[in-house]
Amino acid sequence: MSIQNIRLEVMQLLEKDVDSFMDKFLVPVEKIWQPTDFLPNSQTDSFFDEIKELQEVSKDLPNDFWVTLIGDAVTEEALPTYESWLLNMQGVVDEEGKYLENGWAKWIRHWTGEENRHGDVLNKFLYLSGRVNMREVEISTQHLINDGFDIGTSHDPYRNFVYTSFQELATYISHNNVSKIAKDYGAKKLARMCKIIAGDEMRHHLAYSEFVRRIFEVDPSEMMLAVQYMFKLKIVMPAHFLREAGQTKGNLFEPYSDAAQRIGVYTAQDYVDIMKKLIEIWDIENITGLNDEAEKARDYILKFPARMERISSRIVIPEESYDFKWLIPATGKK
């Protein structure tokens, strides 16, 4: 039997449990938080006072903070790219590329519904803050969706689940650290908002890492090779192609990444720590039933974080920040 057919059988096997996955890792629409729960209420007399309070608190937050918050918002709003990628993986489309209305399609749509709220609430907060040139942010968002990006997984569900396991944990770290910084600056409502977004990302990380764990139980060698492939490829960040108006694709990724590292929102060490965490979660060291090729892949995976750590230790972050078109100084002047 071909590798593709085996993958399809494994996806069909796991699909039987999709409803239980949804019960465990997703929250019903009527019970989950919505963006309006964290924003000034336009139906009350205190609406403008709440906006004024939000803007006053926003004045104290540093530029690197705003850059990372905007970057988080833009990448969250590029959700159509991620959904379309997942909807084209094996197990959701047949061998001829025909869309299947099955449990996995249902999971992806419901996961997308939860994720969509993140970009929505962050966008509205940025708009109300008075610190952000929203037109420039909107241009960057549209460019990011237009440009798309290749996460290197093709239609392979095994690789896709490795990628999402990694990225959901990365976004948890990013939103959680933004929350901590906001709290330190007295922006308690923003801190709570980002904290609860981080909670969503952690639930999603637990789901996708569970899918990988379950695949290891039934197809360990191919799953090990998929992990090696994604680690070796180096996980592509969703913000990889960030750009400003009039600039080339990807011109903002490096200054955005520098800002995130300077303020401690997401660092090269976090990248390495995520790899270590996934190795631990999936108990890579003790997986049994591997063929020779997969055993070699395991050795590569176990050594890879140390190799990346050596590289990350040599990274030098510039002290001076890039002049982002996204930002408006706290004085209100561009």
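Start by selecting asparagine 286: at 51% relative accessibility it counts as exposed (exposed means over 50% relative accessible area, buried under 20%, partly exposed in between, with a 1.4 Å probe and protein chains only). Asparagine 286 sits in the loop between helix 12 (268-281) and helix 13; helices here are DSSP runs of H or I with at least four residues, numbered from the N terminus. Before moving on, keep in mind that this is a predicted model, where local features need pLDDT of at least 70 and side-chain atom pairs count only at pLDDT 80 or more, while totals for chains, interfaces and linings use all residues. Residues are numbered from 1 along each chain as its sequence is written, and side-chain values use heavy atoms, leaving out hydrogens and water.

Asparagine 286 and arginine 298 are 12 residues apart in sequence, and their C-alpha atoms are 9.7 Å apart in space.

Stay in that loop and pick aspartate 283, which also lies between helix 12 and helix 13. What is phi of aspartate 283 near? Phi is near 50° there, a positive value in a residue other than glycine. Most residues other than glycine have a negative phi. Aspartate 283 is partly exposed, with a relative accessible area of 39%.

Serine 154 is partly exposed, at a relative accessible area of 45%.

**Helix 10 against helix 13**

Colour residues 220-233 (helix 10) and residues 292-312 (helix 13): they pack at an angle of about 40°, with axes 9 Å apart. The axes are lines fitted to C-alpha atoms over the stretch in contact, and angles run from 0 to 180 degrees between N-to-C directions. That angle makes helix 10 oblique to helix 13, since angles under 35 degrees count as roughly parallel, over 145 as roughly antiparallel, 65 to 115 as roughly perpendicular and the rest as oblique. The crossing of helix 10 and helix 13 is left-handed, the term for a near helix turned anticlockwise from the far one by less than a right angle.

Show side chains at the contact (heavy atoms within 4.5 Å). From helix 10 come Ser221, Met224, Leu225, Val227, Gln228, Phe231 and Lys232, and they meet Glu293, Ala294, Ala297, Arg298, Tyr300, Ile301 and Phe304 of helix 13. The residues of this contact divide into 9 nonpolar, 2 polar and 3 charged; Ala, Val, Leu, Ile, Met, Phe, Trp, Tyr, Cys and Pro count as nonpolar, Asp, Glu, Lys and Arg as charged, and the others, Gly among them, as polar.

Next, click on lysine 234, in the loop between helix 10 and helix 11 (253-263). Lysine 234 is partly exposed, with a relative accessible area of 38%. Not counting residues up to four places away in sequence, lysine 234 touches Tyr271, Phe304 and Met308. Draw a C-alpha to C-alpha line from lysine 234 to phenylalanine 149: the pair is 85 residues apart in sequence and 14 Å apart in space.

Select helix 4 (residues 63-77) and helix 5 (residues 79-86), whose axes come within 5 Å and cross at roughly 40°. That makes helix 4 oblique to helix 5. Thr75, Glu76 and Glu77 of helix 4 and Leu79, Pro80 and Tyr82 of helix 5 make the contact, which divides into 3 nonpolar, 1 polar and 2 charged residues.

Then try helix 1 (residues 3-15) with helix 8, packed at an angle of about 55° with their axes 10 Å apart. Here the contact is made by Ile6, Arg7, Val10 and Met11 of helix 1 and Pro157, Tyr158 and Phe161 of helix 8. By type, that contact holds 6 nonpolar residues, no polar and 1 charged.

While on helix 8, find tyrosine 172, which is partly exposed with a relative accessible area of 24%. Its contacts, leaving out residues up to four places away in sequence, are Ala198, Glu201 and Met202.

**Into the core**

Which residues touch the most other members of the largest nonpolar core? Of its 106 residues, they are Leu69, Trp104, Trp107, Phe166 and Leu190. A nonpolar core is a set of buried Ala, Val, Leu, Ile, Met, Phe, Trp, Tyr and Cys residues joined through side-chain atoms within 4.5 Å. Zoom in on tryptophan 107: apart from neighbours within four places in sequence, it is in contact with Val18, Phe21, Met22, Phe25, Leu26, Ala207, Tyr208 and Phe211.

Finish at alanine 105 in helix 6 (residues 103-129), buried with a relative accessible area of 0%.

Conventions. Helix = DSSP H or I, 4+ residues; strand = E, 2+ residues; numbered from the N terminus.
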